[in-house]
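Student: I am new to this structure and would like to understand how its parts are arranged. May we go through it with questions and answers?

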Amino acid sequence: MAKPHPTRNTETTSRTAPGGPPPPAAPPERTAPGRAAPDQAALPEAPPAEAPTPGTPRTETTQTVQDPPAGTPPTDTPEGAAVSDSEQTLFGGPLRYDLGFAQHEDAFLQLNLRAMLARLPYLLRLTGNLAWEADRRALQAVTAAELGRGAVQAVGLVAVNKVLAHLLSGGSTADRLAQASGALAVAGGAAVVGALLRALATAATGQLEPKVERVATERYLWHTARVELAAIEDDEFHKLLDSAQYGAGSARRMVRYCQSVLGAMLSLVAAAGVLAVLHPLLLPLLVAMTLPRSWAALSLARRRYLSFQVWVQHQRAGQLLSRLLISTDAAPEIRVHGIGPYLLHHYRAMSEAQEAEQRRLARLAARTGLVAAGWTGLATAATYATLGGLLWTGAMALSVGGTAVLAIRTGSASLDNLVLQINYLHEESLFVGDLHRLIEEAKLRAVPEGGAALPENPAAITFEDVVFTYRGKDNKRALDGVSLTVPAGKIVALVGENGSGKTTLVKLLSGLYQPDAGRILWDGVDAATADRAELVSRVAVVGQDFYRWPFTAAVNVSIGRPDAPVSQDRLDAAAHYAGADDLIASLPRGWSTLLARAYKGGHQLSGGEWQRLGLARAHYRAGRLLIVDEPTSALDAKAEQRLFEQIRALADAGQTVILITHRLGSVRAADLIHVLDHGKVIESGTFDALISPTTPGPGAFRTLYTLQAAQYAPPSPGTPGRAPTETADAPARP
Ligand SMILES: Nc1ncnc2c1ncn2[C@@H]1O[C@H](COP(=O)(O)OP(=O)(O)OP(=O)(O)O)[C@@H](O)[C@H]1O
């Protein structure tokens, strides 16, 4: 989760502490300090732009099929910035967020001084809690060292006052020096102790920071991993994920800022205390000197954060483009189709849009800085004029004046520093705030724990009028009142055209989504009220999009039951079941072969070989309900036939199998077939019943089957393309 941290805009601040919030626009890799961006390092020098420079009229040669039609007017984002061609072409529209939706804006964007000071105790507590959890001893050391430094500073200032008083009093120089020597020794001792305490605080903070980042990252990942699939697919939740990922780094930096705030606060108290004793008028003047710079820092922080929130999705899209250019998966197609320059052009265009935003912020920063500098100059002049007036009129002794100058310098530096550090702290806290919001949201959208127990051996799973619509889609129902039964210990096939709802149905069955209406019953128990952990432990799925883990072959199979110790016997049995034993034996390091080509010793499998490993994983999981979604799409004919024999054997042994396939000949082995169309079950029955012309119903299965069978029927001499009769023997593998 550690993110290479971009430099803060140098025009806005002059701090030397590492890090700061991410830049509003540029992808982190590109702006990471002192590091070549991976994309830039990996790519050759960009060729002269083959695609048009943004803003120049397109020529015919550069118009591609994916580009918007000529004359498409540039759309405006909610923020008013024009949508670039790249956003429009690649992503279909603006990637900027409208902050109008942010209900938290009020709470999080009040960056005025009062609001910030009011939030300070909360921020300190927040960081303190994280730090306490991460390493309480280091936290105690930092706090003690900072408190000590504050005390030592006050002692130092008082000692300096005494030294000056002695030096400016009457008597011989030797006498005055002798009188001042005691106080001088105290001032020197205070400086030494202060330096030691500073070193202690620095060491302890350095120890604390990475731990705090780790703890915050773990919280982020833990809560994210537990949310419902629907939340992960929700773009609003994803936006939160995007911005919250910076929260851990911000939490880390908050530790340092907290330390700095504490230090600055204590040294300010010391300086202000001395000043108040010297002359009360000096105190408000000190504040007046600091106000303009505080105002500037606050308004810039607010702008940066707002800009970040608006551009966060754009930034992710830019990173996506750079990752695609170096991705192993996309590499063959990028080369074969010459896609590199096309992607690079869009990467550049999107980066330029982000740079324009950076320029805008920098211009604003420069303007604000100038105004602030003017006011600070006036306030400083007023302060020293007042001091001069006090000395001139004799209202202040010369020795006191000297200490006052020292205290003003120390105090204004401390106050400046304090406001700046609070500002940084606050700015980082906005991102930590995002992390907290994510955690709160993730808790609300987490997979519920506990629930009703499922029957040990349910006789059937029944869908009762189940309705489901994917969020954010066109509100078209993916399942539209599905009622069907899956009897235990049988092979149930789901067939239907693309997009008819088969995969959605099994995702609901395996607890990945919840029905919007209707019920899924395991005998009498509604799955919606059941213990989800128990439900998923009963199910093993080989989906179309099963994941190819970039780990060893053994992990790719045993990850089917990640909570159980790995068993070699079960691994071998799973490989045998999936027909992958020869494959494993042929791998350079057997089960220990790494299946990720971009790594040292990594090995690449073919699509069919991966599919066998996917099947082995499902077998290793040993769920009582086995769902196989297009299990044979990448298998050769022999492997396919073997797999269906295995599935039959499993069902004969009492395992329930749900089979989704477009190869209708394969569903002969099924005990029951449900045909779906546009999210509805339109036919159910055995293969023989559905294929028979005498069976009442729409005959959808028969029509589909006949169509497929025709492709395999040998043409009769002289009658090319003869369709088989409906009673003809079905081919083994349509
Ligand atoms: N994650 C998703 N988000 C939004 N819509 C989805 C999602 N998954 C599927 N859909 C939509 O739901 C409908 C049903 O899709 P589903 O994947 O269940 O069909 P299918 O019958 O399995 O199709 P195929 O045979 O092509 O695998 C389709 O219109 C699809 O576009």
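Student: Over residues 257–275, what percentage of the chain is helix?

Tutor: This is a predicted model, and the UniProt record, an unreviewed entry, places a "transmembrane region" at residues 257–275. The C-alpha atoms at the ends of that stretch are 26 Å apart.

Student: Are helix H7 and helix H10 roughly parallel or roughly antiparallel?

Tutor: Helix H7 covers residues 173–225 and helix H10 covers residues 247–278. Their axes come within 8 Å and cross at roughly 150 degrees. Angles over 145 degrees count as roughly antiparallel. Therefore the relation of H7 to H10 is roughly antiparallel.

Student: How many residues of the contact of H7 with H10 are nonpolar?

Tutor: On the H7 side the contact includes Leu-208, Pro-210, Val-212 and Tyr-220, and on the H10 side it includes Ala-248, Ala-251 and Val-255. Charged residues also take part, among them Glu-209 and Glu-213 of H7 and Arg-252 and Arg-256 of H10. By class, the contact has 4 charged and 5 polar residues, and the number of nonpolar ones is 9.

Student: Is the crossing of H7 and H10 left-handed or right-handed?

Tutor: The pair in question is H7 and H10, whose axes cross at roughly 150 degrees. The hand of this crossing is right-handed.

Student: How are H7 and H14 oriented, roughly parallel or roughly antiparallel?

Tutor: Helix H14 spans residues 398–444, and its axis lies 9 Å from that of H7. The two helices pack at an angle of about 30 degrees, and angles under 35 degrees count as roughly parallel. H7 and H14 are therefore roughly parallel.

Student: Which residues of H14 make the contact with H7?

Tutor: H7 passes H14 in a left-handed crossing. From H7, the contact uses Ala-216, Arg-219, Tyr-220, His-223 and Thr-224. Its partners in H14 are Leu-435, Leu-438, Ile-439, Ala-442 and Lys-443.

Student: Is H18 oblique or roughly perpendicular to H20?

Tutor: The axes of helix H18 (residues 568–577) and helix H20 (residues 607–621) come within 8 Å and cross at roughly 130 degrees. Roughly perpendicular covers 65 to 115 degrees, and roughly antiparallel begins over 145. The orientation of H18 to H20 is therefore oblique.

Student: Which residues of H20 take part in the contact with H18?

Tutor: H18 passes H20 in a right-handed crossing. H18 contributes Arg-570, Leu-571, Ala-574, Ala-575 and Tyr-577. H20 contributes Ala-616, His-619 and Tyr-620.

Student: Which helix gives the most residues to the shell around the ligand?

Tutor: The ligand is surrounded by 12 residues, and the closest are Tyr-470, Asn-498, Lys-502, Thr-503 and Thr-504. The shell divides into 7 polar, 3 charged and 2 nonpolar residues. With 3 residues, the helix that gives the most, at residues 502–509, is H15.

Terms used:
Residues numbered from 1 in each chain as written. Predicted model: local features only at pLDDT ≥ 70, side-chain atom pairs only at ≥ 80, totals over all residues. Near = placed C-beta within 6 Å. Helix = DSSP H or I, 4+ residues; strand = E, 2+ residues; numbered from the N terminus. Axes fitted to C-alpha atoms, helices over the stretch in contact; angles between N-to-C directions. Left-handed = near helix turned anticlockwise from the far one by under 90°. Contact = placed C-beta atoms within 7 Å. UniProt positions renumbered as here; feature names shortened; annotations may be inferred.
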